[in-house]
Amino acid sequence: MKKSIVKIMLFTGVIAVVSSFSAIKGDSEKNHSPSKNISQTETYQIRFGLQNQNGSKTLSGSYDLGNFVATNTVTGETFETYGGSGMQSLPQYFDGLPEGSYTFTATQGQGGWVGYGSVTAEVSEAKMDTDGYVTVYVPIAWEE
């Protein structure tokens, strides 16, 4: 009897967590309006741009990139945007990245015309832009 109650309680808890996560994810995918999701941990909307080799930063244009990757420097957990392969338009977004320190990079697109470096940055309320995003500029290491 005790095992059954624990299993039922565990099962109910999993359903509640899944339902809660789905609702948050669904809401953030509908648009990219800046907001912070609050569940068990603080999460933030990330806006990705690129830093050109001359140091200028951009949030517009099309680039040969696959996706942006954020790796938590403490846990090693990886989060990725998925834009496909080939030319991608900027900015790209990731909704719901947990607070913490991350190394950000981008993967090459289908053409392999651009290589990307990495940058380590904090994701927190203090790093939010005035428009509500944490904006990260991944450096272009080389391009043909």
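Student: Before anything else, what pLDDT does the chain average?
Tutor: This is a predicted model, and the protein chain averages a pLDDT of 78. Of the residues, 72% score at least 70.

Student: Where does pLDDT stay under 50?
Tutor: It stays under 50 over residues 1–39. For that stretch the model has 25 contacts beyond four places in sequence.

Student: Moving to the strands, is β4 mostly covered or mostly open?
Tutor: Strand β4, residues 62–72, is mostly covered. Nine of its 11 residues are buried.

Student: Which strands pair with β4?
Tutor: Strand β8, residues 100–108, pairs with β4 in the antiparallel sense over six bridges. Strand β6, residues 87–89, is also antiparallel to β4, with three bridges. Strand β5, residues 78–80, pairs with β4 over three bridges, again in the antiparallel sense.

Student: Which residues are bridge partners there?
Tutor: Ser62 has Ser89 of β6 as its bridge partner. For Leu65 the partner is Gln108 in β8, and for Val69 it is Glu80 in β5.

Student: What about the hairpin of β4 and β5: how many residues lie between the strands?
Tutor: There are five residues between the two strands. Within this hairpin, Gly76 takes a positive phi near 80 degrees.

Student: Changing topic, how many aromatic pairs does a search of the whole structure find?
Tutor: The search finds six aromatic pairs. One of them joins Phe79 and Phe94 in an edge-to-face arrangement, with 5.8 Å from centre to centre and 65 degrees between the planes.

Student: Which strands do Phe79 and Phe94 lie in?
Tutor: Phe79 lies in β5 and Phe94 in strand β7, residues 92–98, so the pair ties together parts that are 15 residues apart in sequence. Phe79 counts as buried because its relative accessibility is 15%. Phe94 is likewise classed as buried, at 17%.

Student: And how are Tyr102 and Phe104 arranged?
Tutor: Tyr102 and Phe104 form a tilted pair, 5.9 Å centre to centre with 40 degrees between the planes. Tyr102 is buried at 1% relative accessibility, and Phe104 is buried with a relative accessible area of 0%.

Student: Which residues form the aromatic cluster?
Tutor: One cluster is formed by Phe48, Phe68, Phe79, Phe94, Tyr102 and Phe104.

Student: Now Thr135. Where is it found?
Tutor: Thr135 is found in strand β11, which covers residues 134–143.

Student: Buried or exposed?
Tutor: Thr135 counts as buried because its relative accessibility is 17%, and buried means under 20%.

Student: What does Thr135 touch?
Tutor: Leaving out residues up to four places away in sequence, Thr135 touches Arg47, Leu59 and Asp129. Its side chain makes a polar contact of 3.0 Å with the side chain of Arg47. Another polar contact, of 2.2 Å, joins the side chains of Thr135 and Asp129.

Student: How far apart are the C-alpha atoms of Thr135 and Phe48?
Tutor: They are separated by 5.9 Å, although Thr135 and Phe48 are 87 residues apart along the chain.

Student: Trp142 next. Which strand is it in, and what is it in contact with?
Tutor: Trp142 is found in β11. Apart from neighbours within four places in sequence, Trp142 is in contact with Gln53, Gln108, Gly112, Trp113, Val114 and Gly115. Gln108 is also the bridge partner of Leu65.

Student: Why is Trp142 called partly exposed?
Tutor: Trp142 is called partly exposed because its relative accessible area is 35%, and that class runs between 20% and 50%.

Student: How far apart are Trp142 and Tyr116?
Tutor: From C-alpha to C-alpha they are 6.9 Å apart in space. In sequence, Trp142 and Tyr116 are 26 residues apart.

Student: Last one: where is Gln45, and which side chain is joined to it by a polar contact?
Tutor: Gln45 has its place in strand β2, residues 42–51. Gln45 is buried, with a relative accessible area of 3%. A polar contact of 3.5 Å joins its side chain to that of Asp95.

How values were computed. Residues numbered from 1 in each chain as written. Heavy atoms only, no water. Helix = DSSP H or I, 4+ residues; strand = E, 2+ residues; numbered from the N terminus. Buried < 20%, exposed > 50% of the residue type's maximum accessible area, 1.4 Å probe, protein only. Polar contact = N/O pair within 3.5 Å; in protein donor to acceptor, adjacent residues only side chain to side chain. pLDDT = per-residue confidence, 0-100. Contact = heavy atoms within 4.5 Å. Pairing = 2+ DSSP bridges. Phe/Tyr/Trp six-rings, centres within 6.5 Å; stacked < 30°, edge-to-face > 60°.
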